[in-house]
Amino acid sequence: MNKHFPMSRRGFLKLGGSTAAVASALGASRLQAMEQELGGKDFSPVTGKLREAVPYTCMVCNIQDGGIAYVEDGRIVKLEGNPDHPGNRGKLCAKGNSGFLHTYDPDRIMTPLLRTGKRGEGKWKRITYDEATTLLASKLRGVIDRANAANDPSIRNEIVFKWGRDRSGGARGRFMAALGSNGQVGHTNICESSKKIGLEPGWGPDIEYPDFASTKYALIFGGNVVEASYFHNPLAQRLMDGKTQNQTKLVYFDPRQGNTAAVADEWFAPFPGTDVAIVLAMAHVIMNEKLYDDAFIRNWTNVTPEQLIAHLKSYPPEFAEAESGIAAKDIRRIAREYATTKPATTFSYRGPCKHVYGAYQEAAIQMLNVITGNVEKKGGYCLPRGMGYNQPGPKPPGGKAPSILGQPPEYPLAGHQVSTHLPYQIMKGQVKMSVLMTYYDNPAYTYPSSHVWEAMYKDEKLLPFFASFSPYMSETAQYADLIIPDTSYLERNDPDSMPSDLRPWIGIRQQVIKPLGNTQEFRESLLQIINKVDADGSLGMKQYFPFKNGEEWVRAQFEGIPGLKEDGGYDYLKKNGVWPKYGKIDPVTNQIVDKNGDEVPAEYGLHMKELSAAAMDGASVEANGAIKKGGKTIGVRINGKNYAGFGTGSGKIEIYKESYKKYGFNPMPVYKRLASRGKKADELVLTTFKVNVHTQSRTAGVKYLAELYHKNPAWINPKAAAAKGIADGDLIRVTSSLGYIVTRAHVTEGIHPDVVAISTACGHSAYGRLAQLKLKDKAEYVAGNDPDIDNNVWWDDKGVHPNPIIRLQVDPIGGSQGWFDTVVTVSKAQAGDKYGDVKVSLEEAMKDYEETLRYAYTGDMHRANHKEVDIDWNSLPAPKAGGGH
Amino acid sequence: MQTLIERVVDGVWRDECGAQGALFKLLARVIEYEVDQPLLDSLRGELREPLAEAGAEVPEDLLTGDPAKVVEDLAVEYTALFVQPGAISPHASVFQTGKMFQEPADRAANWYRENGFVFTHRFSGEFPDHAGVMMSFVSALFEREADALDRGDAAAAQVIHETRERFLIEEMGEWVPAWCRTAAQAAEHPFYERMMNLTGRVLWDELTQIVPPRRLRELSEKNARGPVVVAKDPGFRKASGL
């Protein structure tokens with residue numbers, strides 16, 4: 001008892017006891033318990049009612065994380081990660097969390113639109129889905145009838161489908177196969193195709209899985225995984241797991257200081273395109289200092305350590321220093337650290353491969369893992385684990401005549417096409433196009449020299465009919481003759497799978513809500529179109545589409561997957577979103593654990609799985625150990641044992657790529673000095689990058705994300721800026737051989753002195769009011785319509801998009817666009833320049849097409865750049881349509 | 001049993017209900033769907049003079065142009081004004097929340113359901129909180145009230161009357177007049193400019209008849225939303241803006 005509080009502790013407790021007895025009569029406090037579960041449940045803050053939880057697969061970017069949508073009164077009110085998903089383990093990124101705004105975007109296209117004015121004039125008439133699909137079907141039927149009348153299947157290739165982010169689970173391909181057209185052009189050469197072509201001939205798959213969570217040493221080249229990059233969310237989590245729980249050392253190479261550089265133990269900024277010189281120098285150190293895994297190289301590759309040492313002779317660290325600017329002593333030190341720290345892994349994404357000769361870069365980086373024996377080890381460089389799904393039978397036979405559109409025969413190794421070349425091929429009359437359909441595709445914004453695409457779209461002679469399936473207006477969709485809008489990804493059915501964890505999974509996208517306002521998902525439109533093209537079935541197309549609706553089609557795709565049926569099949573997926581369920585996420589370690597709390601182990605050493613007697617039945621073993629069956633390699637015999645091996649002809653990792661040599665490319669990873677490396681002292685190399693809250697082109701209209709990031713000043717180093725008299729925030733001109741843009745300078749130490757970097761995602765000229773900041777252009781037009789745009793947009797800068805001044809130049813091996821090879825000058829803006837000005841030349845862009853073809857295997861620059869290749873240059877194979885896959 | 005005076009008053013009111021119902025029906029029709037050939041014929045015929053008297057003169061090109069082309073041109077203008085991206089969305093959800101299909105759509109659907117109507121759509125992308133549908137609902141309630149008065153069912157008429165007034169005030173009064181003004185400003189064809197202005201005037205006139213002065217001031221303020229000038233705060237960001 002004291003003078004301030006005249007009650008003994010005993011008395012205090014007595015009062016407490018009495019109060020407890022009547023606690024329920026006291027009512028609820030304003031203070032309520034926070035949600036402490038890991039997810040899977042959500043409650044209305046107003047009514048306290050449990051919200052309906054519907055699992056789905058995200059599709060804002062390409063990582064396909066698992067999510068749970070919370071639905072209240074038929075409306076999606078919140079998204080969060082699916083806690084049962086092995087890839088993203090219950091977490092979504094900012095883009096994923098904001099995804100439902102795509103659904104309710106006031107600028108979403110909600111009904112088919114038929115163009116009435118000139119192309120791009122913005123004059124439309126709304127029509128029904130039925131009218132729209134009837135119109136498109138009639139256009140398609142016209143081409144098919146013409147092909148049949150002429151008995152010429154190549155005419156069907158005039159039906160062209162161009163897609164960007166296609167996660168339709170093969171729906172688009174099945175549709176085009178039924179139409180009998182090979183005019184199918186993707187977008188991968190503006191993504192990472194040279195990474196794929198650097199890897200696929202080497203070990204089979206097109207990507208690696210770096211086991212960051214268990215590694216001791218992560219060496220990343222141009223893969224800003226903490227911020228964007230492939231498997232952004234899953235790999236960022238695992239990299240942080242490794243750093244916090246496993247003391248992983250992270251060494252990062254990137255000319256720009258992105259978020260991954262910020263969390264790295266060491267960040268190095270090489271000259272763009274010189275990563276391969278550094279990597280080869282590291283390999284040089286590892287081989288010459290005998291830090292390599294001799295047994296792994298001899299057993300599991302098609303080269304010997306001696307051959308590697310000989311090949312790497314010309315790449316000492318001093319050479320790499322001269323090319324990259326990274327000190328030889330650091331290259332040596334890191335090479336030694338990397339080779340002697342076990343386990344270790346590399347990761348790379350667009351940084352190295354998005355250059356001319358990017359395939360060499362990727363192959364070299366993979367080689368580092370191979371020579372140190374880190375392949376398929378816990379904490380090492382692993383094969384990706386994915387799961388397949390089916391296309392139900394009977395399957396359409398596909399087109400009979402090869403098409404060269406977007407897959408020019410001058411690029412026989414570019415198995416993921418060269419889609420950048422499409423408009424040039426059309427404008428030069430090399431290919432004819434009668435009907436173009438596009439899906440999740442916006443080349444007039446996302447491609448280099450984007451104005452070339454614009455020119456093609458505008459020309460009705462080159463492109464007689466253009467239909468877009470976009471649910472949002474875009475720089476490309478604005479030129480369509482017909483828009484048949486898809487739904488948002490939360491109102492659609494698709495199967496999906498991604499190797500975002502070492503435990504493979506398969507998931508679904510399902511209609512979280514019914515398509516908003518009776519809109520129609522892409523699959524439904526395809527079904528309608530096919531049924532109208534082949535109304536009486538006489539063309540033999542209808543038989544391949546016996547599905548009543550999109551869901552029935554997707555349900556059929558999940559039939560026959562071993563083990564799924566026993567767990568409940570498609571209905572299990574509808575309820576859980578992803579299969580199989582490996583365990584629960586431990587809230588402390590973030591690992592997937594079983595009911596005893598033990599981590600569910602991943603499987604390693606896939607290449608060392610021994611083949612069964614049944615598998616070996618009827619197989620033969622070749623001199624190099626390759627086990628062949630039915631004309632295919634099914635494994636490899638090493639030291640008398642029959643292993644599954646790798647997905648190559650030899651069953652081993654093929655550092656030496658015979659397929660490259662066939663066309664005069666070096667079969668071994670080499671450094672080729674790029675034109676940009678020889679730039680003049682006052683010039684800079686223009687690079688682009690993605691930020692953590694945006695995709696390349698489809699999120700600038702999402703309100704949450706636009707508020708976070710909406711403008712993209714050009715990053716320039718203080719040294720470079722000072723030399724040009726540029727201060728932070730100055731209006732500047734960035735000029736390439738194509739023309740110039742006027743933007744602002746962001747002067748920062750976080751960029752290489754020879755580089756100017758401009759992010760994507762900004763500077764839209766179409767795609768909704770918010771992305772374009774139409775409120776500033778024409779305030780009275782939109783005022784009083786959308787209260788967010790009226791009252792909450794505090795910014796007045798939408799950024800400036802750099803793609804119009806980026807030159808077309810592709811890797812002649814992998815076909816990738818060299819996004820980071822454009823040389824520019826940067827200067828203070830001139831009198832009369834206005835922020836956002838873009839002035840570019842179509843004529844100059846067309847010259848770039850001719851110039852980049854000189855680097856193809858048929859061109860003069862190819863031979864000049866590959867004098868070291870021992871081949872009969874006069875006997876290279878002739879270009880052949882349909883060479884790619 | 002009604003007195004003679006009551007019968008006269010009800011008769012006048014019945015006629016007014018009928019007239020208002022027809023007027024709201026016309027305005028709703030113009031907002032809900034594109035002009036078609038029958039409506040164009042009416043605009044050229046029986047509606048021409050009364051519209052002119054109401055300050056919404058039918059534009060010359062509608063009167064003299066090739067009918068098919070006029071219908072086509074108006075469909076394009078309709079789409080630009082009310083449908084395509086960048087349009088002045090006619091939905092309360094967009095106007096009030098910045099997103100499509102939010103609570104205002106549920107509220108509107110409830111109003112319709114409770115009064116024996118069901119919302120249907122002709123095109124995709126149509127929702128119950130569409131300004132045209134709301135106008136149509138008001139029109140229907142006017143007609144029902146007139147019918148009830150015809151039947152001599154004053155009690156039913158009163159219920160309908162109150163329902164209509166509540167709907168006008170609670171669901172339309174705060175936004176439709178402002179929306180009409182915005183749409184009229186954005187319209188590039190004088191037909192829609194005039195019809196949107198007329199709709200706004202008719203609606204506001206109706207509101208002034210039924211809303212107490214204080215509430216009317218509130219509605220007036222809510223409908224006064226104009227262009228917002230984004231205040232620049234130089235201290236907010238450094239020159240580069242990052």
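Me: Which strand does β26(A) join through five bridges, and in what sense do they run?

Reply: Two strands pair if DSSP finds at least two bridges between them. Helices (H or I, at least four residues) and strands (E, at least two) are DSSP runs, numbered from the N terminus. In this predicted model, five bridges join β26(A) to β30(A), residues 755-759, and the two run parallel. Val685(A) has Val755(A) as its bridge partner there. β26(A) also pairs with β31(A), residues 822-828, over three bridges in the antiparallel sense. In β31(A), Val823(A) is the bridge partner of Val685(A).

Me: Why is β26(A) largely enclosed?

Reply: Buried means under 20% relative accessible area (1.4 Å probe, protein chains only). Six of the six residues of β26(A), 684-689, are buried, so the rest of the structure largely encloses the strand. Leu684(A), Leu686(A) and Thr688(A) cover one side; Val685(A), Thr687(A) and Phe689(A) are on the other.

Me: How much area do chain B and chain A bury between them?

Reply: The size of an interface is often given as the accessible area lost when the parts come together. Here buried area is that loss with a 1.4 Å probe, summed over both parts. Chain B and chain A bury about 4400 Å², 56% of it on carbon and sulfur atoms.

Me: How many salt bridges are there between chain B and chain A?

Reply: A salt bridge puts a side-chain nitrogen of Lys or Arg within 4 Å of a carboxyl oxygen of Asp or Glu. The count is four. One of them links Lys125(A) and Glu72(B), with the closest N and O atoms 3.0 Å apart.

Me: What about numbering and cut-offs?

Reply: Residues are numbered from 1 along each chain as its sequence is written, and chains are lettered from A and ligands numbered from 1 in written order. Local features need pLDDT of at least 70, side-chain atom pairs count only at pLDDT 80 or more, totals for chains, interfaces and linings use all residues, and side-chain values use heavy atoms, without hydrogens and water.

Terms used:
Buried area is the accessible area (1.4 Å probe) that two parts lose on being put together, summed over both. Buried means under 20% relative accessible area, exposed over 50%, partly exposed in between (1.4 Å probe, protein chains only).
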